[in-house]
Amino acid sequence: MNDKLALPVGTTLDRFIMRKQEDFPYATGELSQLLRDIALAAKIVNREINRAGLLDVTGAYGNQNVQGEEQQKLDVIANIRFIRALRNGGEVCAIISEEEEDIIQTGNTKGKYIVAMDPLDGSSNIDVNVSIGTIFSVYRRTSETGCDGTLEDCLQNGTRQIAAGYIVYGSSTMLVYTTGHGVNGFTYEPSLGEFFLSHPNIVTPRTGKIYSCNEGSANSFPDGVKNYLNYCKEEGYSGRYIGSLVADFHRNLLKGGVYIYPATAKAPNGKLRLMYECNSLAFIVEQAGGKASTGTKRVMEIEPTELHQRCPLVIGSAEMVEKVEEFMKAEALVS
Ligand code: P6P
């Protein structure tokens, strides 16, 4: 049979999830269903982002979120879409969202999982057509099933994640995730409405020549970070900063690089949120051979005390993160 006439379309996300389910001997399919629910919401959000200029969904929503940040209309839409998909999927008992102050109870009291998510990160870039993203983490609940998710269910440290991922809505839309067995990337084919495996077994380079940070705040960076940035310039590295964490992270994951959002005068604990930005990307980068640190401590070992707590973030190629830590340590010794 001349199958060159009909080349295979590749492995869909669904088929990949089912095949990988065998990695979990006692898997009963609930995590697979949860990942499908996230992919469904991602397809819907992708459609709304791609048509944002044609619908009245750009611009500010007119509210501030719990972070005191101006909510964009698409922030609110994405939040609704992901909550609805996870509620209807039935596997998640409670959700933490950047867009909601308190824990969102789904009513699925038999659900075994908790999801922490930033439904749409970098949304201020929507109106200027710059890549944005969704970030999520999945935890197993620690409380008994049959009741609402508890605060303790939600405040688990990053080493207890059972899955994490992001969707980057860019020149193409990709879903990248891990369940602790490596990192795989899927590219969305809108004409078929499917994600196809396009980046199997992603391994991030041990080092790189790209650094990403907002140097507009550099005057208030810790001296260790300032010294590292000077080192980058002496080494002739490239500064690349999109202002959209998922886009900067994704480029550095594939090409090698380091993203730094340190403590600043405006954000004394850093700007990024531990539960649904730092931990999620930390799980992914570690599974890809990289590192995620506050500059002095492994992100995933931070014991969370609040749903929306922030932490400084240094994430990317292992040797570059280690170099930042070296400069931070040297500074601590002299200060
Ligand atoms: P700044 C977007 O608001 C975000 O959370 C990340 O996506 C991005 O990397 C960072 O903040 C940009 O922050 O202070 O440089 O504008």
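This is a predicted model: local features need pLDDT of at least 70, side-chain atom pairs count only at pLDDT 80 or more; totals for chains, interfaces and linings use all residues.

Student: How many bridges join strand 11 to strand 12?

Tutor: There are 2 bridges between strand 11 (residues 210–212) and strand 12, and these strands run parallel. To find the place in the model, look for Ile210, which stands opposite Ser238 in strand 12.

Student: What does the UniProt record place at residues 205–329?

Tutor: The unreviewed UniProt entry gives the feature "domain: Fructose-1-6-bisphosphatase class 1 C-terminal" for that span. In the model, residues 205–329 are 39% helix and 13% strand, and their end C-alpha atoms lie 24 Å apart.

Student: What is the order of the strands in the open sheet of 8 strands?

Tutor: That sheet has the order 4-3-5-6-7-8-9-10, with mixed pairing. Strand 4 (104–105) and strand 10 (194–199) are its edge strands, each pairing on one side only.

Student: How should I read a hairpin within it?

Tutor: Strand 8 (residues 173–178) and strand 9 (residues 183–189) pair in the antiparallel sense over 5 bridges. Among the paired residues, Met174 has Thr187 as its bridge partner in strand 9, while Thr178 has Val183. The two strands form a hairpin with 4 residues between them, and Gly180 in the turn has a positive phi of about 90 degrees.

Student: Which strand forms a hairpin with strand 9 and has Gly193 in the turn?

Tutor: Strand 10 does so, with 4 residues between the two strands. The phi of Gly193 is positive, at about 65 degrees. Strand 9 and strand 10 pair over 5 bridges in the antiparallel sense, and Gly185 stands opposite His199 in strand 10.

Student: Is strand 9 mostly covered or mostly uncovered?

Tutor: Strand 9 is mostly covered, as 5 of its 7 residues are buried.

Student: Let us turn to the ligand. How many residues surround it?

Tutor: The ligand is surrounded by 13 residues, of which the closest are Asp121, Tyr241, Leu245, Tyr259 and Tyr261. One then looks for polar atoms that face each other. A polar side-chain atom of Tyr241 lies 2.6 Å from an oxygen atom of the ligand. For Tyr259 the corresponding distance is 2.7 Å, and for Tyr261 it is 2.6 Å. Taken alone, the ligand exposes 400 Å², and the protein buries 82% of that.

Student: Finally, how many disulfides does the structure hold?

Tutor: The structure holds 0 disulfides. The test is distance: two cysteine sulfur atoms must be within 2.5 Å.

Student: Are Cys93 and Cys278 buried or exposed?

Tutor: Cys93 counts as buried, because its relative accessibility is 2%. Cys278 counts as buried too, at 0% relative accessibility.

Note on methods. Residues are numbered from 1 along each chain as its sequence is written. Side-chain values use heavy atoms; hydrogens and water are left out. Buried means under 20% relative accessible area, exposed over 50%, partly exposed in between (1.4 Å probe, protein chains only). Two strands pair if DSSP finds at least two bridges between them. UniProt positions are given in the numbering used here, feature names are shortened, and annotations may be inferred rather than shown by experiment. A residue is near a molecule or strand if one of its heavy atoms lies within 4 Å of it. A polar contact is a pair of N or O atoms within 3.5 Å; within protein, one must be able to donate a hydrogen and the other to accept it, and residues adjacent in sequence count only if both atoms are side-chain atoms. Accessible areas come from the Shrake-Rupley method with a 1.4 Å probe; for residues, only the protein chains shown count as cover.
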